[in-house]
Amino acid sequence: MSATEGIPATTGSARPALVTRALVLRLVSIVGATSSFFLLLSVVPLYAGAQGAGVATGSLMFATVLGELITTPLVTRFGYRAVLGGGLVLMGAPALVLTLSTNLVWIAAVCVLRGLGFAVTVVAGGALIALVVPAQRRGEGLALMGVVSSVPAVIGLPLGVWLVQHAGYSTVAIAGGLAALVAIASLPALPNRDGHHERQAGLGVGLRTAGVRRPAIVFASTALGTGIVVTFLPLAVPSALAGLTAVALFVQPAASTLARWVSGRYGDRHDPAHLVLPSLLTCAAGLACVALTGNAVAIILGVAVFGFGFGVTQNVTMTVMYSRVPRTGYGAVSTLWNVAYDGGMGVGALGFGAIASHTGYPLAFLGSAVLLLAALLPAIRSR
């Protein structure tokens, strides 16, 4: 079965079907990978402690960037199924042994392996999604992928923190490992290669194309804010409001999920590039609101606003980038978008930790909100 067999032909003016067998199978593997990722995303920094939190998330995200740079050649050589399977193993197996040691080097090593695995699943899987979704409904297809991948984030981020308090770190680590490993069962029936057998363009093509590079820069800046929120919000909230952390970590991805679906439907009917600038400004406003770390209302409102802006940015930047390259550029777009995501999160986690140790959390959050506005020019020109 080729990757294009799941795409029905368009008859007349009828819109092609969105949900196909190939898409459903890919969504199953997405659930496994993202469940494993988000269940441990805020838990591992807690396990590492305040001094190691930034290192844990930074190691995870920078390893993810490295993995994303080598995934497209791996897919060309081995096909989608083998690469996705290897990625799921790298995510699942290290999680099972996370709690064998509290040594920061051990924690960082586990994060590096999981980051490499996650990179493989998102880049290879992202290119595969672009192939099995009809071009006329790409915005909705990417939004559906975003919604499905966001559900584990909505549940996993707060659930992981809650489980640590009630069942311990080992339980969460084992659950995260098994989520990835079980998903391997969905891979044998997935398409293995692009039926067109076209050589995929490299990452350099995306970097040299201004219409692709600019939205990627905007997305990277908003991802920086996400890395900060998921890593340091549990540490920044005063102990008197500790119960608020799980609520906030639920609200942020929930708002993103809603925004991805709404913006995806809008993008298929209008020009999605018009939403790039408003989504950036929304993210900055939400992050600035989170700076009031002692105010419960401000925290919830801030993560909701930031989450909504980030969800819009996720969908519209990806849709715009895919629309500006031929089929052979899908791999380059998937790589660049995911590098922007994970690189931004890694920089946010490491940089914020260093700044907050000198300024305190409120000023560090406010400064980060201002930093997002550095992407204003590429956001304006992306339109």
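A nonpolar surface patch of about 620 Å² is formed by Leu96, Val97, Leu100, Trp106, Ile174, Leu178 and Val182. Patches of this kind are built from residues with over 30% relative accessible area and no salt bridge, nonpolar side chains (Val, Leu, Ile, Met, Phe, Trp, Tyr) being joined within 5 Å and like charges within 9 Å; a salt bridge is a side-chain nitrogen of Lys or Arg within 4 Å of a carboxyl oxygen of Asp or Glu. Accessible areas come from the Shrake-Rupley method with a 1.4 Å probe, and for residues only the protein chains shown count as cover.

The model is predicted, and local features need pLDDT of at least 70 while side-chain atom pairs count only at pLDDT 80 or more, although totals for chains, interfaces and linings use all residues. Residues are numbered from 1 along each chain as its sequence is written, and side-chain values use heavy atoms, with hydrogens and water left out.

Helix α7 (residues 169–182) contributes the largest share of the nonpolar patch, three residues; helices (H or I, at least four residues) and strands (E, at least two) are DSSP runs numbered from the N terminus. Isoleucine 174 is placed in helix α7, and this residue counts as partly exposed because its relative accessibility is 41%, where buried means under 20% relative accessible area, exposed over 50%, and partly exposed in between (1.4 Å probe, protein chains only).

Grid points are joined across faces, edges and corners, and a volume is the space filled by probe spheres set on the points. Two cavities of 30 Å³ or more are counted by this rule.

| Space | Volume |
|---|---|
| Largest cavity | about 430 Å³ |
| Second largest cavity | about 90 Å³ |
| Second largest pocket | about 210 Å³ |

The largest cavity is lined by 30 residues, of which Thr34, Ser149, Arg260, Gln314 and Tyr341 are the closest to its centre. Helix α1 gives the most to this lining, with six residues, and by class the lining of the largest cavity holds 15 nonpolar, twelve polar and three charged residues.

Residues lining the second largest cavity include Phe37, Leu60, Cys111 and Arg114, and the lining divides into ten nonpolar, one polar and one charged.

The second largest pocket has 14 lining residues, with Ala50, Phe232, Gly353, Ala354 and Ser357 nearest its centre. Elements giving two or more residues to this lining are α3 (53–78) and α13 (330–359), with α13 giving the most, six residues.

Technical notes. 1 Å grid on protein atoms, 1.4 Å probe; cavity = no way out; pocket = protein on both sides within 12 Å on 5 of 7 lines; lining within 4 Å. Nonpolar A, V, L, I, M, F, W, Y, C, P; charged D, E, K, R; others polar.
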